[in-house]
Each structure stands twice: as structure tokens, then as C-alpha cells.
Amino acid sequence: MNTEKIAARRLSLEEVRKLSVKDRIFVSADTAELKLPDCYVPAFLTKSGEDFEGGSVTARTVFQEEVSCLPGDENEAGIYLADENGSVTIEVLQSAGVVLDLALFVPGGDKGSLTALYAAARQAFGADVVQIWRQGLKEVPDVKVDIFEEQIPRGRKGSDSPKRDRRAIDTYPTRADFIEFSAGWKPVVEIHRPIVDDTPTI
């Protein structure tokens, strides 16, 4: 386990309430899935400290985990801020790297082209460094579509025509799987029809 010792000071609840979402803090690395007592991770508040009600605040770590903290409770790990003159030294868990969750389009997509793709990645980052933990292959139909998101109607049917926003033009239908649609909106996929400009020209 790779950690770094950092001089820090513990923040009181009043100090946490003065923080913004851009302030880098350190919270406990101990989670239900991974027990790491007395170890901390870099994090940021999910909203400004003044916007939290009561004594509980929520932070999102650099590992994309949300942690709830009670800064005013002395029995909890607390929230720390890096400070060269801090009274304590904390152990901060370092990053081992990143997991890439990519959607790659490989023309043809045969086994040879995929093997070449993995070989190129290993050559760039070093042998045995690139590890493929999960691989999901999906055939892409040779058709282009337009992707919209349409507001889910509320109330009586037929009262208003649903609102629609274009999200992607002239793309493969599987791309819809990787688009995050807004709350209250649903995806609509239609065959791509090129826009013809009928404006008369001189």
C-alpha cells in the first residue's frame, strides 16, 4: 500500500462551513468495502460548506466515492487540511493509476485488430502495466442515427407536444448507451436524415 505522510490540522465544523467545493481536503479512507483505519484520501465537498444543514457534510473523494462526515464529533476521523504548521501528521493513500472505461469503435472489429490495439497500449505504457479487467464487445450496425432527448410528458396526454433536444447527429445507435440523459428526459433514436437546405439562392 502506497501512502504519503502529510502535515495537517483537523478542521472544526465552523471551519468546514467556510469551505467551497474547490478546497482540497482529506477524509477517512475507511469504507464499507475497504477497511483502511487511520488512512486518509484527498477529497472535495459536494457543495459549499455553508449549504449543509446540521452537523453532517458530504465529500467526494478523488476515487469517486461519497463519504459522510461529522466534523464536530471527536469520535470520528474528521476532516483535515494540509498545513505545514499542522499539529498532526496523517497518512494519505496514493493513487495506483486509473481504470479507463472507454467506448472504442474499431472498424471491422476482428480479433486481429483488437489484439493490435492491446499490444499498442502495452507498448506505450509498458508490458504487464495495462491490465484488461473487463471487456465487453458489442457489434455496431452499419447505420447512422440522430439521438435526441425528449421531455417525459406530465399531466394529461396530448396537452402539450413534448420538448426535444438534439444530443448527437449522424452517429451509431450504440452511442446512446454512453450518453447521460437529463432527469425527466428519455432518449429518442431516429434514422439519420440529412438536413436539406431549400433556401433559394441567387
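**Rings and a core in a predicted model**

I'll start with Lys-144, which lies over the face of Tyr-172, 5.3 Å from the ring centre; the rule asks for NZ of Lys or CZ of Arg within 6 Å of the ring centre and within 35 degrees of the ring normal. This is a predicted model, where local features need pLDDT of at least 70, side-chain atom pairs count only at pLDDT 80 or more, and totals for chains, interfaces and linings use all residues. Residues are numbered from 1 along each chain as its sequence is written, and side-chain values use heavy atoms, with hydrogens and water left out.

Tyr-172 also forms an aromatic pair with Phe-105, tilted, at 5.0 Å centre to centre and 35° between the planes. Rings of Phe, Tyr and Trp (its six-membered ring) pair if their centres lie within 6.5 Å; planes under 30 degrees apart are stacked, over 60 edge-to-face, and the rest tilted. At 23% relative accessibility, Tyr-172 is partly exposed, and Phe-105 is partly exposed at 49%. Buried means under 20% relative accessible area, exposed over 50%, and partly exposed in between, with a 1.4 Å probe and protein chains only.

The count is two aromatic pairs. Tyr-40 and Tyr-80 form an edge-to-face pair, 5.1 Å centre to centre with 75° between the planes. Both Tyr-40 and Tyr-80 are buried.

Now the core. Which members of the largest nonpolar core touch the most other members? Of its 18 residues, they are Ile-25, Val-27, Leu-45, Val-57 and Ile-79. Such a core is a set of buried Ala, Val, Leu, Ile, Met, Phe, Trp, Tyr and Cys residues joined through side-chain atoms within 4.5 Å.
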